[in-house]
Amino acid sequence: MPIRLDMRTLPAIAHRMKLLRLTTGLSVADFARETGVARTMWHNIEAGFSRIGIDAAMKLCDKYHITLDWIYRGQDAMLPHGLAKRLLEVVVADKERD
């Protein structure tokens, strides 16, 4: 029987993917191009309708020095300090806009 992610995790993954994109300052289209997925698919990932595939996730890991554990599970212990700091800044700025 295949193991599936709990559907409640999709919004959390989507949020982390949006935060990562926002730290780069790239548009959805540009970020999607970097990951090798279609713009509409990246939009669906950020919206929580689709889960990022392993190949695209591994590209992000290589490029931004993040981990699959952070992408899929939210475990941030192994994130580079600078990126973790920038992600926190984006979260704070995002909350201030709301």
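Which residues line the largest pocket? Select His15, Arg16, Leu19, Trp70, Gly74, Asp76, Leu79, Ala84, Leu87, Leu88 and Val91, and you have the lining. Before you go on, note that this is a predicted model, where local features need pLDDT of at least 70, side-chain atom pairs count only at pLDDT 80 or more, and totals for chains, interfaces and linings use all residues. Residues are numbered from 1 along each chain as its sequence is written, and side-chain values use heavy atoms, with hydrogens and water left out.

**Stop 1: the pocket**

Here a pocket is an open set of points on a 1 Å grid over the protein atoms alone, where a 1.4 Å probe fits, with protein on both sides within 12 Å along at least five of seven lines; lining residues have an atom within 4 Å of a point. The volume comes to about 150 Å³, taken as the space filled by probe spheres set on the points. Colour the lining by type and you get 7 nonpolar, 2 polar and 2 charged residues (Ala, Val, Leu, Ile, Met, Phe, Trp, Tyr, Cys and Pro are nonpolar, Asp, Glu, Lys and Arg charged, the others, Gly among them, polar).

Now show helix 1 (9-24) and helix 6 (81-97), each of which supplies at least two lining residues. Helices are DSSP runs of H or I, at least four residues, numbered from the N terminus. Helix 6 gives the most to the lining, with 4 residues.

**Stop 2: helix 1 against helix 6**

Keep that pair on screen: helix 1 and helix 6 pack at about 100°, axes 9 Å apart. Axes are lines fitted to C-alpha atoms over the stretch in contact, and angles run from 0 to 180 degrees between N-to-C directions. Helix 1 and helix 6 are therefore roughly perpendicular (65 to 115 degrees; under 35 is roughly parallel, over 145 roughly antiparallel, the rest oblique).

For the contact (heavy atoms within 4.5 Å), select Leu19, Leu20, Leu22 and Thr23 in helix 1 with Leu83, Arg86, Leu87, Val90 and Val91 in helix 6. That contact divides into 7 nonpolar, 1 polar and 1 charged.

**Stop 3: helix 1 against helix 3**

Next, bring up helix 3 (residues 39-47), which packs on helix 1 at about 120° with the axes 6 Å apart. This pair is therefore oblique. Ala14, Met17, Lys18 and Arg21 in helix 1 meet Trp42, Ile45, Glu46 and Ala47 in helix 3. The tally is 5 nonpolar, no polar and 3 charged.

**Last stop: threonine 9**

Finish on threonine 9, in helix 1.
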